[in-house]
Amino acid sequence: MVSIFELPTPAFVIDLEVAKRNCDRMREKAAVSGVALRPHVKTHKTIEGARLQLGTERGPVTVSTLAEAEFFADHGFDDITWAVPVAVAKADRIVDLTRRVERFQVLVDHPRAVSILEEAARAQSVRLRVFLEVDCGDHRTGIDPEDDQVLEVLRMIDASKALYLAGVLTHAGHSYRARTRDEILAVSEEEVRAVNIVSERARSSEIGVAVRSIGSTPTAAVVERFSGVDEVRPGNYVFFDAFQAKIGTCEWQDCAATVVATVIAVHPGRRQMVVDAGALALSKDRGAEHLEDRISYGVVLDQAGHPRGDLRVTTLSQEHGKIEADTAAALESVRIGDIVRIIPNHSCLTAALFEQYHILRGSDVVGEWRPVRGW
Ligand SMILES: Cc1ncc(COP(=O)(O)O)c(C=O)c1O
């Protein structure tokens, strides 16, 4: 059996027990709350990761690309939500997935997208399942819940024979800008409020909203129970990462993904060493920079797997990661060829840089996952 120290570096490794524990906790929280868990699979983009999240072979999933949707459909998943507003030029692939998958659902946040989808659906004689996305404070996509356009879109979907209103959905991306758990809890109230404002407004217009769907890892991990919604869609919690640990969403020992790198240069005089994990192995995500004076492109671990406060990944070029130490002594025992493990700032972006993930039990590599790529 290969050990972590024998892997060609840089390597992306997953501690299976930690990932499984993260998944079990989220699934149990959803179950005791009486809400459906439709995990987002964008972090890992693998069938194995989805099965860990679901605790079973198949189940409802959320995807971030049509390529993911097609990959999961190919593996027999029959309940898939594509949780990004549709790129209307892809209507053909949406229609195709609607034919292949028992329940394939897409998002809209504009009347024009509704018109284009409805035309495509009518022309192909299919009925598309559509979620209205509303904004709960992130201001990325989604209509303001109080905006007149909410009712315009709901009425258009409701009136169409070629469309079916799957529900109302929001994503609290602004939970990532929180500084404390209390701030995250306040955001979690906003996401619940947003979908309920819309379902109430719909009810007043005699339009039924079957599903109120929310989900982000910070809010889902911090709330004790889910309430006031029907479905939750967190994703990052499978691996967590340095960002989540720093904003208080998880503990360091919950971080399941690390990048394994080799020391390729040591310069104690400059208080620095360089590893073979650059921007193409860690990503240039700056992490929870709203909380820090000095950024680091990941958190370096000691031999026992604890974060080292005296080392920072200060500069990334394509294949070099420069790690600076607070003191020369911190580098005294470092040798060329040593193996270093780094918790990525944003595990979703880091995972997306690797064609395979090595699965660990202890320090033994016991498997490999291969993610789907592309759009
Ligand atoms: C629409 C939507 N739902 C759910 C999620 C999952 O959130 P997280 O990555 O915080 O778990 C995302 C993540 O970007 C998203 O965009």
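Which atom of the ligand lies 2.9 Å from an N or O atom in the side chain of R233? In this predicted model, it is a nitrogen atom of the ligand. Local features need pLDDT of at least 70 and side-chain atom pairs pLDDT 80 or more, while totals for chains, interfaces and linings use all residues. Residues are numbered from 1 along each chain as its sequence is written, and side-chain values use heavy atoms, without hydrogens and water.

Polar contacts were taken as pairs of N or O atoms within 3.5 Å. An oxygen atom of the ligand is 2.6 Å from a backbone N or O atom of G235, and an oxygen atom of the ligand is 3.3 Å from an N or O atom in the side chain of K42. The protein buries 94% of the 390 Å² that the ligand exposes when taken alone (Shrake-Rupley method, 1.4 Å probe).

The ligand sits in the largest pocket, with more than half of its atoms within 2 Å of the grid points. A pocket is an open set of points on a 1 Å grid over the protein atoms alone, with protein on both sides within 12 Å along at least five of seven lines. Of the 14 residues around the ligand, R140, Y176, T217, R233 and G235 come nearest (a heavy atom within 4 Å counts as near). The shell comprises 4 nonpolar, 7 polar and 3 charged residues.

The structure also holds 1 cavity of 30 Å³ or more, a cavity being a set of grid points where a 1.4 Å probe fits but cannot get out. The largest cavity has a volume of about 40 Å³. Its lining (residues with an atom within 4 Å of a point) includes E133, D135, R140 and H171.

How values were computed. A polar contact is a pair of N or O atoms within 3.5 Å; within protein, one must be able to donate a hydrogen and the other to accept it, and residues adjacent in sequence count only if both atoms are side-chain atoms. Ala, Val, Leu, Ile, Met, Phe, Trp, Tyr, Cys and Pro count as nonpolar, Asp, Glu, Lys and Arg as charged, and the others, Gly among them, as polar. Grid points are joined across faces, edges and corners, and a volume is the space filled by probe spheres set on the points.
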